[in-house]
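Please keep the structure open while reading.

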Amino acid sequence: MSDDEDAYEEPTAPAWMATFGDLMSLLLTFFILLLSFASMDAQRFAEVSGSVRDAFGVQLVVPGKFEAMADDMISLNDRPMSSHLSVIDAKTRQQIATKRLAQRIKASIAAKRMDRLIEVDETARGVVIRVPGELMFTSGSTELRVESLVFLQEVASLINGTPDTVAIEGHTDSSPSSSTTNNWQISTSRAVATLEFLVDVARVDPARLQVTGFADTRPIASNEDAEGRARNRRVEFTFLHNQEPTGG
């Protein structure tokens, strides 16, 4: 072997290539980390962007000779800016629905010129229509008066116009019954007679109705005078909150 062959060395990469390679590796790692941080929950982002949009509003119409348009998630609109985030929980929605139903029932009763006789009340259970017993039954009787049928048709329309279950509840005063039946039987029979008319004649779904007789156990006035006893003799229609039809 000659001296020239002994002096030959294999070509190698310059030293700066090692540093350059390390730098590229670090940059690649850095970008991978950035990409992982940039991943987002699309649903959560939509909720947040919607809250921001509702709170601050975004302008749709730009004064001038052109109209702004946008198709991104925070779209442009001309709603006025609100001073705070509007959060309506289930309880508030229920209260709003109850008030609207009560207003609707009152308007319907007023249109029939019966608002001086029939009470409408908003209670924790729901909206209550309170009908004096004398408007629907003669004293001691459990048969509906003919004069009450027009009103009951209106009640049927109200029931059919809502998704609520309606409780029909009969009440008496504390006076002993003069007939062979007692107050429990009278209050229950009157509630049943009312239900039968609503189902058989007015075609209300029976699965949406409940019937109860309370006799004189739930007075709303004193039984010591005639006026109070007249108020206690009544039939109530309660549009119940959060009730599903109970049909089987």
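Helix α7 (residues 183-200) lies across β3 (166-171), β4 and β5, and runs at about 160° to β4. Helices here are DSSP runs of H or I with at least four residues, strands are runs of E with at least two, and both are numbered from the N terminus. Angles run from 0 to 180 degrees between N-to-C directions, and axes are lines fitted to C-alpha atoms, for helices over the stretch in contact.

The model is predicted: local features need pLDDT of at least 70, side-chain atom pairs count only at pLDDT 80 or more, and totals for chains, interfaces and linings use all residues. Residues are numbered from 1 along each chain as its sequence is written, and side-chain values use heavy atoms, with hydrogens and water left out.

**The sheet**

The sheet is open and has five strands in the order β1-β2-β5-β3-β4, with mixed pairing. Its edge strands are β1 and β4 (209-213), each pairing on one side only. From one strand to the next, the twist averages 20°. Helix α4 also packs on this sheet, where α4 touches β1, β2 and β5. The direction of α4 makes about 175° with that of β1.

Two strands pair if DSSP finds at least two bridges between them. Strands β1 (residues 119-122) and β2 (residues 126-132) run antiparallel and are joined by four bridges. They form a hairpin, with three residues between them. Seven bridges join β2 to β5 (residues 234-240), again antiparallel. Which residue is the bridge partner of Glu119 in β2? It is Arg130. Arg130 also stands opposite Glu236 in β5.

**Helix against helix**

Two packed helices are described by the angle between their axes and the distance between the axes. Two pairs are listed here.

| Helix pair | Angle | Axis distance |
|---|---|---|
| α4 (residues 90-111) and α6 (residues 149-160) | about 155° | 11 Å apart |
| α6 and α7 | roughly 65° | within 10 Å |

The angle of about 155° makes α4 roughly antiparallel to α6. The angle of roughly 65° makes α6 roughly perpendicular to α7. The cut-offs are under 35 degrees for roughly parallel, over 145 for roughly antiparallel, 65 to 115 for roughly perpendicular, and oblique for the rest.

The crossing of α4 and α6 is right-handed, and the crossing of α6 and α7 is right-handed. Right-handed means that the near helix is turned clockwise from the far one by less than a right angle; anticlockwise is left-handed.

Contact means heavy atoms within 4.5 Å. Arg104, Ile105 and Ser108 in α4 meet Glu154, Ser157 and Leu158 in α6. By class, this contact has two nonpolar, two polar and two charged residues. On the other pair, Leu149, Leu152, Gln153, Ala156 and Ile159 in α6 meet Thr194, Phe197 and Leu198 in α7. That contact has six nonpolar, two polar and no charged residues. Ala, Val, Leu, Ile, Met, Phe, Trp, Tyr, Cys and Pro count as nonpolar; Asp, Glu, Lys and Arg count as charged; the others, Gly among them, count as polar.

**Confidence**

pLDDT is the predictor's confidence in each residue, from 0 to 100. The protein chain averages 80, and 71% of the residues score at least 70. Over residues 244-248, pLDDT stays under 50. For that stretch the model has seven contacts beyond four places in sequence.
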